[in-house]
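Work through the exercises below with the sequence and the coordinates open. Each task is followed by a solution in steps.

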Amino acid sequence: ALHSYGIIVPDDSMEPVLRPNEIAVIDPDAAPDWGTEVFLVRALPDGKTAGLLRTWIGFEDIEANTGMKTRLRTWNPSHIETVNSLLWPAMGAVVAKLPGKK
């Protein structure tokens, strides 16, 4: 990937697929496959950025006037959530994991 970046996994919500302090390498140009890990990004009103590391499990169109929804899974505890794709417009595929500090 020409443009990629690393995210330090902040907590255990994605264990066992991503562990705390591992570095998830994100390729924002790679299309994620169903059931693979992704990083979603959104801008906040105060100028900061929010992000989610999750497993991507697809899209769904719940209501015509609210747009597409993105279905995501956390692993610890196992939970499926649906987020508005308009609020989380950037989704990059996790293409590698690097060990972090212990």
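**Exercise 1.** Where is the place of asparagine 21?

Solution. Asparagine 21 is in the loop between E1 and E2, where helices (H or I, at least four residues) and strands (E, at least two) are DSSP runs numbered from the N terminus. This is a predicted model, in which local features need pLDDT of at least 70, side-chain atom pairs count only at pLDDT 80 or more, and totals for chains, interfaces and linings use all residues. Residues are numbered from 1 along each chain as its sequence is written, and side-chain values use heavy atoms, with hydrogens and water left out.

Next, take the backbone. Phi of asparagine 21 is near 75 degrees, a positive value in a residue other than glycine. Then take the surface: asparagine 21 counts as partly exposed, at 38% relative accessibility (buried means under 20% relative accessible area, exposed over 50%, partly exposed in between, with a 1.4 Å probe and protein chains only).

**Exercise 2.** Which residues make up the largest nonpolar core?

Solution. Apply the rule: a nonpolar core is a set of buried Ala, Val, Leu, Ile, Met, Phe, Trp, Tyr and Cys residues joined through side-chain atoms within 4.5 Å. The largest one has 10 residues in all: Ile7, Val9, Met14, Leu18, Ala24, Ile26, Phe39, Val41, Leu53 and Val94. Strand E2 (23-27) and strand E3 (37-43) are the elements that give two or more residues to this core. A second, separate core of 9 residues includes Leu40, Trp56, Val83 and Trp88.

Now look at E3 itself. Of its 7 residues, 5 are buried, so E3 is mostly covered. E3 runs antiparallel to strand E7 (residues 90-98), and 4 bridges join them (two strands pair if DSSP finds at least two bridges between them). Leucine 40 has methionine 91 in E7 as its bridge partner.

Finally, take a member of the second core. Valine 83, in strand E6 (residues 78-84), is buried, with a relative accessible area of 11%. Leaving aside neighbours within four places in sequence, valine 83 is in contact (heavy atoms within 4.5 Å) with Leu40, Met68, Lys69, Thr70, Leu72 and Trp88.

**Exercise 3.** How many aromatic pairs are there by the ring rule?

Solution. Rings of Phe, Tyr and Trp (its six-membered ring) pair if their centres lie within 6.5 Å; planes under 30 degrees apart count as stacked, over 60 as edge-to-face and the rest as tilted. The count comes to 2 aromatic pairs.

- Tyrosine 5 and phenylalanine 39 have ring centres 6.3 Å apart and planes at 70 degrees, so the pair is edge-to-face. Tyrosine 5 lies in strand E1 (residues 5-8) and phenylalanine 39 in strand E3, so the pair ties together parts that are 34 residues apart in sequence. Tyrosine 5 is partly exposed at 32%, while phenylalanine 39 is buried at 11%.
- Tryptophan 56 and phenylalanine 59 have ring centres 5.3 Å apart and planes at 65 degrees, so this pair is edge-to-face. Tryptophan 56 is buried at 10%, and phenylalanine 59 is partly exposed at 46%.

**Exercise 4.** Is threonine 55 buried or exposed, and which side chain does it join in a polar contact?

Solution. Threonine 55 is in strand E4 (residues 49-63) and is buried, with a relative accessible area of 2%. A polar contact of 2.8 Å joins its side chain to that of tryptophan 75. Such a contact is a pair of N or O atoms within 3.5 Å; within protein, one must be able to donate a hydrogen and the other to accept it, and residues adjacent in sequence count only if both atoms are side-chain atoms.

Arginine 71, among the contacts of threonine 55, is in strand E5 (residues 67-75). The side chains of arginine 71 and glutamate 60 are joined by a polar contact of 3.1 Å.
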